[in-house]
Amino acid sequence: MIDFKPKHIVFLTGAGISAESGIKTFRDSNGLWENHDILEVASPSGFDRNPELVHRFYNLRRTQLLSDEVHPNEAHKALAKLQKEYSGKVTIITQNVDNLHEEAGSEDVIHMHGELIKMRCKESGKVLTKKGDIQPDDKCPCCLKVGNLRPNIVWFGEYPMHMDRIEKELNSCDLFISIGTSGQVYPAAMFVNLVKLNGTYTIEANIEETNVSDNFDDHLVGPATQVVSKLVEDILSIK
Ligand code: BV8
């Protein structure tokens, strides 16, 4: 376990941290979301082929996220508490497109795959908050053109967001903790390899072994709401 006082902790969260909030993980859907092939609904070619289907897919997920059914869980709250109370630096990089870290009180969360509650103008790149549905014939608020609005989401085959910032954070941390990610999606799955080059201590928190478990120094096995709360208490008690 952690036998030093970390100066800079980087967390990488995946769909598993939001599973106990009722949001289906990518794997649980066997790569099929709402019975659609992943590339049909989460790739640029899928969007070009059928924007109506893709908008419907994200409208469904946005509605579920903003409904009364979905709230941050104890794991999100524990990370927010650590960010507030820990004397060292705490960075959260998430692969998730939900806003549950922010809803739990976390700040400056790095969304490398974008955000469900944001949309973007295809022409200007301007990002706007969107808490309702987007329809294919909606006029973009910035250029007033129909068809220019897309979810501000990184699709498969697109370059993840904030990679320069992420590289800096990974290169400066002395503790790297991954929570609820299967290590199937790149480049996020490679982050543990990058930090190990700097001698960073690495911990994987998951309910089961993953493709990348062997790359980690230590493992916390169990549901995020249990293991992350305990982990945060342990870190806050380090003298
Ligand atoms: C890139 C937004 C270049 C969408 C997402 C061919 C062409 C182009 C690219 C590729 C290609 N072949 C491969 C690639 C690379 C590709 C890729 O990785 N494909 C995979 C499928 C092989 N990657 C890309 O395209 C990326 N871009 O490569 O650009 C580049 C290269 C290098 C450097 C820079 C750039 C872009 C990928 C982004 C895709 N968009 N999200 C949307 O959400 O609609 S990713 C999507 O999958 C979700 O965001 C989700 O986060 C992610 C799945 O990963 P996880 O978060 O790990 O979720 P998963 O369900 O897999 O696992 C859940 C885990 O939780 C499990 O381990 C489970 O055990 C655990 N768990 C469950 N319950 C709990 C729990 N743990 C704890 N507690 C619990 N209660």
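This is a predicted model: local features need pLDDT of at least 70, side-chain atom pairs count only at pLDDT 80 or more; totals for chains, interfaces and linings use all residues.
**Figure 1. Strand β1 has both of its faces covered.** Because 6 of the 6 residues of β1 are buried, the strand is largely enclosed by the rest of the structure.

**Figure 2. Strand β1 pairs with β4 and with β9.** The pairing of β1 with β4 is parallel and comprises 6 bridges. Within it, L12 has I93 of β4 as its bridge partner. The pairing of β1 with β9 is also parallel and comprises 5 bridges; here F11 stands opposite I177 of β9.

**Figure 3. Six strands form an open sheet with parallel pairing.** The order of the strands is β5-β4-β1-β9-β10-β11. At the edges lie β5 (110-111) and β11 (218-221), each of which pairs on one side only. Strands β4 and β5 run parallel and are joined by 2 bridges, and I93 has I110 of β5 as its bridge partner.

**Figure 4. Helix α7 lies across β1, β4, β5 and β9.** The helix spans residues 163-172 and runs at about 135 degrees to β4. Its residues M163, I166, E169 and L170 are buried. Seen down the axis of α7, these buried residues fall within an arc of 120 degrees, so they line one face of the helix. An α-helix has 3.6 residues a turn, so residues three or four places apart point the same way. The cover over the buried residues of α7 includes β1, β4, β5, β9 and α8 (191-196). On the face turned away from the buried side, α7 carries the exposed residues D164 and K168.

**Figure 5. The largest nonpolar core contains 25 residues.** Those with the most contacts inside this core are F11, I177, I179 and V228. At least two core residues come from each of β1 (8-13), α5 (74-85), β4 (89-94), β9 (175-179), β10 (201-206) and α9 (224-236). Helix α9 gives the most, with 6 residues. Apart from this core lies another, of 19 residues, including F26, V54, V70 and V185.

Technical notes: Residues are numbered from 1 along each chain as its sequence is written. Side-chain values use heavy atoms; hydrogens and water are left out. A nonpolar core is a set of buried Ala, Val, Leu, Ile, Met, Phe, Trp, Tyr and Cys residues joined through side-chain atoms within 4.5 Å. Buried means under 20% relative accessible area, exposed over 50%, partly exposed in between (1.4 Å probe, protein chains only). Helices (H or I, at least four residues) and strands (E, at least two) are DSSP runs, numbered from the N terminus. Two strands pair if DSSP finds at least two bridges between them. Contact means heavy atoms within 4.5 Å. Axes are lines fitted to C-alpha atoms, for helices over the stretch in contact, and angles run from 0 to 180 degrees between N-to-C directions. The arc is that of the directions from the helix axis to the C-beta atoms.
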